[in-house]
Amino acid sequence: MSRPATRRAGRNKEDVLAAACQVIAERGADATRFQDVARSSGVPVSTLQYYFGSREDLLVAAFRHASQAELAAIAKDLASIEDPWARLTRVVDTALTGYDLESSGTGRLWIEAWRFGMRDPEMREDVHRDYARWRALIAGEVRAGITVGRFHTGLPPERVAVLALAVLDGLGIPLAVGDPEVSPAEARRTALAALADLLRVAG
């Protein structure tokens with residue numbers, strides 16, 4: 001259960017969206033209500049309604065906030081890493097974060113975004129855009145690795161990106177349901193081994 005916020009003053013919209021993401025990860029999008037977010041954020045329901053209008057608009061805004069924050073964070077992380085393989089390793093670590101049962105991280109939010117997007121056209125477009133951003137990110141790193149001779153794949157970078165995301169998403173689902181055969185460490189090893197085979201990593 002989300003703990004009520006201890007301070008009500010100074011809660012801006014980003015604080016509220018972060019609290020909403022926490023609630024969605026814990027309860028699921030279908031079970032998330034204004035009252036739950038109000039309790040978690042310390043912001044009255046009336047203010048949430050003023051900010052977002054409807055519960056569905058709150059959910060869409062929360063998913064967008066999580067996606068933008070995650071992509072901004074990984075861009076910042078990658079800026080300090082030179083080696084292309086180390087950069088892709090960081091992408092894998094980020095993509096596999098937050099799926100486990102005790103977590104309320106981005107992995108579980110990503111699954112909720114899929115589920116909500118299957119029924120909501122606006123959210124579906126957001127999911128499409130998010131996938132395009134992740135594919136572009138991975139393809140760019142693959143292209144950079146090919147340019148410096150670190151990767152020797154015969155596949156186009158865009159195809160590698162599609163396959164990489166398929167592996168990461170496929171590992172995220174068993175992590176989310178607590179499959180005893182797929183630990184976070186094993187998921188990471190599997191994803192990196194698959195990428196290394198695809199890319200024929202030098203060194």
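Leaving out residues up to four places away in sequence, R150 touches D83, P84, W85, G145, R200, V201, A202 and G203, where contact means heavy atoms within 4.5 Å. The structure described here is a predicted model, in which local features need pLDDT of at least 70 and side-chain atom pairs count only at pLDDT 80 or more, while totals for chains, interfaces and linings use all residues. Residues are numbered from 1 along each chain as its sequence is written, and side-chain values use heavy atoms, with hydrogens and water left out.

R150 sits in the loop between α7 and α8 (157-176). Helices (H or I, at least four residues) and strands (E, at least two) are DSSP runs, numbered from the N terminus. With a relative accessible area of 18%, R150 is buried; buried means under 20% relative accessible area, exposed over 50%, and partly exposed in between, for a 1.4 Å probe and protein chains only. The side chain of R150 also meets that of D83 in a polar contact of 2.7 Å. A polar contact is a pair of N or O atoms within 3.5 Å; within protein, one must be able to donate a hydrogen and the other to accept it, and residues adjacent in sequence count only if both atoms are side-chain atoms.

The loop between α7 and α8 holds T153 as well. T153 is buried, at 13% relative accessible area. A polar atom of its side chain lies 2.9 Å from the backbone oxygen of L198. Setting aside residues up to four places away in sequence, T153 touches I146, V160, L198 and L199.

One of the residues touched by R150 is R200, found in the segment after α9 (184-199). R200 is exposed, with a relative accessible area of 53%. Its phi is positive, near 50°, in a residue other than glycine. As background, most residues other than glycine have a negative phi, and most peptide bonds are trans. Y50 is exposed, with a relative accessible area of 70%.

Attention now turns to helix α7 itself. At its start, a side-chain oxygen of D120 comes to within 3.2 Å of the backbone nitrogen of E122. The 27 residues of α7 reach 39 Å from first C-alpha to last, close to the 39 Å expected at 1.5 Å a residue; the expected span is 1.5 Å times one less than the number of residues. Its buried residues are M123, D126, V127, D130, Y131, W134, L137, I138, A139, E141, V142 and G145, and what covers them includes α4, α5 (84-95), α6, α8 and α9. G149 follows α7, with a positive phi near 80°.

How do α4 and α7 sit against each other, at what angle and how far apart? Helix α4 (residues 55-78) and helix α7 (residues 121-147) pack at an angle of about 10°, and their axes are 10 Å apart. Helix α4 is therefore roughly parallel to α7. Angles under 35 degrees count as roughly parallel, over 145 as roughly antiparallel, 65 to 115 as roughly perpendicular and the rest as oblique. On the α4 side, the contact is made by V60, F63, R64, S67, E70, L71, I74 and L78, and on the α7 side by E122, M123, D126, R129, D130, R133, W134, L137 and E141. Sorted by class, this contact has 8 nonpolar, 1 polar and 8 charged residues.

Towards the start of the chain, a side-chain oxygen of N12 reaches to within 3.1 Å of the backbone nitrogen of E14 at the start of α1. The end C-alpha atoms of helix α1 (residues 13-27) are 21 Å apart, in agreement with the 21 Å that its 15 residues should span at 1.5 Å a residue. In α1, V16, L17, A19, A20, C21, V23, I24 and A25 are buried, and the buried residues of this helix pack against α2, α3 (45-52), α4 and α6 (106-117). Just after α1, G28 takes a positive phi of about 90°.

Helix α2 (residues 34-41) contains A38, which counts as buried at 12% relative accessibility. A38 and A20 are 18 residues apart along the chain, with 8.7 Å between their C-alpha atoms. Apart from its neighbours within four places in sequence, A38 is in contact with V43, P44, V45 and L48.

Notes: Axes are lines fitted to C-alpha atoms, for helices over the stretch in contact, and angles run from 0 to 180 degrees between N-to-C directions. Ala, Val, Leu, Ile, Met, Phe, Trp, Tyr, Cys and Pro count as nonpolar, Asp, Glu, Lys and Arg as charged, and the others, Gly among them, as polar.
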